[in-house]
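Please consult the sequence and the structure shown below.

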Amino acid sequence: MRISNMLKWLVAGGGLIIPALELPYYFNALIHSPLDRWSWVFVAISLVMMASVAARLAETSGKFALAAMLPALGFGAIFIFAIIRQIHAAAMIAGCGFAWSAAYFAFGWTAAYTLAPAYGMLALGATSVRYRLGAAVGIDGLMLQAFIASALIAWQIVILNARHRPKASDFIFAILAAVIAAGAFMGGRLQMQRAFAPDFSACVFGQYRGMDIMPNQSDRMFFGSSKVERYRFPEDRILPDGRVVAIEVLKVGNFEDVHKIHPPGHCLTVSGNTVLSENVRSETILGTPFDINEIVTSDSAGMKSLVWVWYSTPTVSSGNFDALRYGYDPAAGWHEYLLWTPLSGDDPGPGRTILRDFLSEVAASNRQTVDNL
């Protein structure tokens, strides 16, 4: 191997150090997150794909491709931002993009295009990808990962047997457009509303009489030593399936580690529930509009429930987990709120009425308490 080629391999290999910085978090996710447990398969496939074209890379020669600096700077900036904000999935994916840019810089555009499916496969193995894909489409994200992986493998086979290559500028423009579109989509999800931060500790709100419950083992598994408050407000009604109509309340604050606060759909799935629907919708309680993440679930026995989740500080709130995750500041006083009530059928309407009336009573009581101070 000539010295020039050795230097190219060192540059390309050095690019992989960037996503490798996330390996400690990645291994922890593989151990503790059931939804991420099979992510390593896609990483392994990506390494096999890279090895399959290594011989072609060894044949390349010439100068470094300075055009690779543009995607390298872009992915590098995203990686640094994600590291600072501790957004691990974004850091992993941006790190894969930076590593691909390093290979482009070292071996040139033809090699970079040949390697694109392999680095795409590497990004597919990042944490949270399965959950994000599943939440976006409404099916198990692992099925979508498998479909995308098959498409990437087919793409590489086509590349290896075809002479045509798109222009580097066109390909990079497509990547840039995809990143901008993803950023615009995420920006739309990060909109904030007025704060809605009810206090449930009184346990008596109009007709509602509840009790506080000690956090259980599952709470500690998910939230660690964060401050966890649990309340139960039963009603004098029984559903046809035998369940007592009740409102379960979970409030979490003083987060030990924001990384232990997961998207609610993820937690419900890991707990053995099936998420039938999930969407962010707007509610208004005593004139205060705020967004909630509404989830309809089904347990192993097929019994359905309605779950409302939102996040609030003393000044702003959001029904979107990403608003908490990407805007988190330990000094801002963020809390997570989760309300749960059983459903008697497929229509979430009755459950919405129950939770809406309950929150109205809580808000009215909280407001009166403040006025009396």
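Leaving aside its neighbours within four places in sequence, which residues is Leu30 in contact with? In this predicted model, Leu30 is in contact with Asp36, Arg37, Ser39 and Trp40 once those neighbours are set aside.

**Leu30**
- Leu30 is found in helix α3, which covers residues 23-32.
- Its relative accessibility is 16%, and because buried means under 20%, Leu30 counts as buried.
- Leu30 and Ala149 are separated by 119 residues in sequence, and their C-alpha atoms are 19 Å apart in space.

**The faces of helix α3**
- The buried residues in α3 are Tyr26, Ala29 and Leu30.
- Viewed down the axis of α3, these buried residues fall within an arc of 100°, so they line one face of the helix.
- In an α-helix there are 3.6 residues a turn, so residues three or four places apart point the same way.
- Pro24, Ile31 and His32 are exposed on the other side of α3.
- The buried residues of α3 pack against α4 and against α7 (88-107).

**Ser46 in helix α4**
- Ser46 has its place in helix α4, residues 39-52.
- With a relative accessible area of 0%, Ser46 is buried.
- A polar atom of the Ser46 side chain lies 2.5 Å from the backbone oxygen of Val43.
- Not counting residues up to four places away in sequence, Ser46 touches Ala118, Met121 and Leu122.

Technical notes. Residues are numbered from 1 along each chain as its sequence is written. This is a predicted model: local features need pLDDT of at least 70, side-chain atom pairs count only at pLDDT 80 or more; totals for chains, interfaces and linings use all residues. Side-chain values use heavy atoms; hydrogens and water are left out. Helices (H or I, at least four residues) and strands (E, at least two) are DSSP runs, numbered from the N terminus. Buried means under 20% relative accessible area, exposed over 50%, partly exposed in between (1.4 Å probe, protein chains only). A polar contact is a pair of N or O atoms within 3.5 Å; within protein, one must be able to donate a hydrogen and the other to accept it, and residues adjacent in sequence count only if both atoms are side-chain atoms. Contact means heavy atoms within 4.5 Å. The arc is that of the directions from the helix axis to the C-beta atoms.
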